[in-house]
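Hi,

Here is the structure I promised to pass on to you.

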Amino acid sequence: MKNLYNVLVVDDEESILKLFKKELSNSERNIHTTMSGNQARALLQKNQYDVILLDIRLPDADGIELLMEWKQRFPDVEIIMITGHGNIDTAVEAMKIGAYDYVTKPFHLDKIELLIERAYQRACLQRENRGFRHSQSSTRLPQLVGRSAGIEQVRFLIRKVAPTEVPVLITGESGVGKDVVARTIHALSPRAEKPLIVKNCATLEKTLARSELFGHLRGSFTGATENRDGLMTFAHSGTLFLDEIGELPLEVQASLLRVLESKAYRRVGEKEERKTDIRLICATNRNLAKEVEAGRFHDALFHRINVFSFKVPALRERAEDIPLLVEYFLGSLGREKRCSITDRALECLMRYDWPGNIRELKNVIERSIILSDNGVIMDQALPPEMIGEADSSSSERGLSLDSMERDHISKVLALHEGNRQKTAEVLGIGRKTLYRKIEKYKIQ
């Protein structure tokens with residue numbers, strides 16, 4: 001099913017407006033009409049349009065001047081000029097300025113409808129292209145790798161919340177993959193074909209944060225040499241992911257709260273409101289409840305974005321996923337140099353505490369591929385602190401990779417009350433493989 005889109009028709013003939021409203025409005029297309037340029041300006045401040053049909057001659061405005069004004073202010077809106085036969089040369093000139101096309105009176109509604117639909121498709125493409133240029137997202141969806149109970153719970157929560165429109169707050173330490181979770185939610189949502197706009201709030205300059213989020217008008221502050229749209233415009237009809245939301249300046253938090261409550265915002269220097277339709281996902285490595293108590297985070301905004309929240313576990317809490325993550329990174333990072341890893345090196349990785357979480361593991365694997373010997377990563381290719389920790393742990397506890405695997409299988413079996421089918425599913429192995437390991441390790 002297509003999304004509802006808005007079309008504005010500006011013409012001084014009431015009969016034409018009634019015809020458009022009656023014949024072209026449907027479940028996929030919303031037609032707004034007005035007879036004057038000033039009224040059209042007011043509507044453009046309140047609503048976001050995809051296509052405008054604009055008469056060249058209006059009682060209070062010149063259509064060509066309006067075209068130039070609107071193409072500058074709303075570069076992603078496609079404008080179709082309406083003209084009589086005597087003004088065709090002017091209409092052609094309008095196309096050179098930036099009009100999508102022109103139609104002449106009297107109208108053939110079927111042709112106009114087709115033209116509107118094509119203009120809408122182009123408007124969508126323009127908006128998404130502009131949006132993706134501002135997005136830090138990758139065209140390839142990252143994977144949630146792992147079979148641990150913690151990551152399976154995250155997958156379960158993603159499947160539940162993705163089809164909804166509620167805001168999501170993702171918490172967890174730096175490097176655990178909160179961005180991967182956000183991208184997965186978007187990819188599984190009804191907005192998947194629309195832009196995903198990603199912004200790390202820690203990179204926002206405090207003085208320009210409001211402008212970057214909401215846009216600004218030319219001359220509204222020093223350095224504002226042109227009108228510019230913000231991330232709210234680029235994310236319209238899609239998803240806005242604000243990473244490290246705790247870093248957002250306090251004064252801007254109130255404006256973001258207002259967007260969530262009223263679905264409207266103002267560009268810096270602009271008096272009129274603009275409507276927006278976004279799905280908001282936030283992430284933080286801070287304890288926002290404590291930030292609220294300390295007066296560093298807006299209380300009402302916290303409760304508004306905390307409608308559905310969950311924590312992504314740290315890598316040390318899901319160490320059993322490390323072999324799968326290593327295999328994944330060896331495949332994705334080692335395309336030019338296919339590598340394997342020795343049991344000894346993998347044991348070193350399993351012993352390490354990973355304060356930088358998955359991001360740190362990825363960097364270590366990338367480094368180790370470079371230092372590998374004949375396509376094999378040995379423990380000597382790892383950072384010294386990891387080798388030292390594994391040596392001390394092994395000498396103190398006498399644990400091998402086999403003993404760790406035995407302990408983990410025993411824990412998962414106990415967690416599922418001895419259900420071998422469920423245990424095999426959680427471990428990501430076949431039942432026969434599980435039976436062999438139970439026999440090998442003599443697990444009761």
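S237 is buried, as its relative accessible area is 19%, and buried here means under 20% (exposed is over 50%, partly exposed is in between, with a 1.4 Å probe and protein chains only). You'll find S237 in the loop between α9 and β10. Its phi is near 75°, a positive value in a residue other than glycine.

Before you go further: this is a predicted model, where local features need pLDDT of at least 70 and side-chain atom pairs count only at pLDDT 80 or more, while totals for chains, interfaces and linings use all residues. Residues are numbered from 1 along each chain as its sequence is written, and side-chain values use heavy atoms, with hydrogens and water left out.

The loop that holds S237 also holds A235, between α9 (231-234) and β10 (239-243). A235 is buried, at a relative accessible area of 0%. N26 and A235 are 209 residues apart in sequence, and their C-alpha atoms are 25 Å apart in space.

Now go past β10 to E244, in the loop between β10 and α10 (250-262). E244 isn't a glycine, yet its phi is positive, at about 50°. It counts as buried, with 12% relative accessibility.

- K105 and P106 are joined by a cis peptide bond, with omega at about -5°. P106 sits in the loop between β5 (101-104) and α5 (109-133).
- T423 is part of helix α18 (residues 420-427), and with 0% relative accessibility it counts as buried. Leaving out neighbours within four places in sequence, T423 is in contact with V412, L413, H416 and L434.

What about the whole chain? It has 19 helices and 16 strands; these are DSSP runs numbered from the N terminus, helices being H or I with at least four residues and strands E with at least two. The radius of gyration is 29 Å, well over the 22 Å that the globule rule gives for 444 residues, so the chain is more spread out than a compact globule. That radius is taken over C-alpha atoms, and the rule is 2.2 Å times the number of residues to the power 0.38. Along its principal axes, the C-alpha trace spans about 90 × 50 × 45 Å.

Buried residues make up 49% of the 444 residues. Take the contacts between residues at least 6 apart in sequence: 71% of them join residues at least 24 apart.

How many cavities of 30 Å³ or more does the structure hold? It holds one. A cavity is a set of points on a 1 Å grid over the protein atoms alone where a 1.4 Å probe fits but cannot get out, and lining residues have an atom within 4 Å of a point. The largest cavity has a volume of about 150 Å³, volume being the space filled by probe spheres set on the points, which are joined across faces, edges and corners. There are 14 lining residues, and Q48, F74, V77, T233 and R274 are the closest to the centre. The lining divides into six nonpolar, three polar and five charged residues. Nonpolar covers Ala, Val, Leu, Ile, Met, Phe, Trp, Tyr, Cys and Pro; charged covers Asp, Glu, Lys and Arg; the others, Gly among them, are polar.

Cheers!

Methods. 1 Å grid on protein atoms, 1.4 Å probe; cavity = no way out; pocket = protein on both sides within 12 Å on 5 of 7 lines; lining within 4 Å. Contact = heavy atoms within 4.5 Å.
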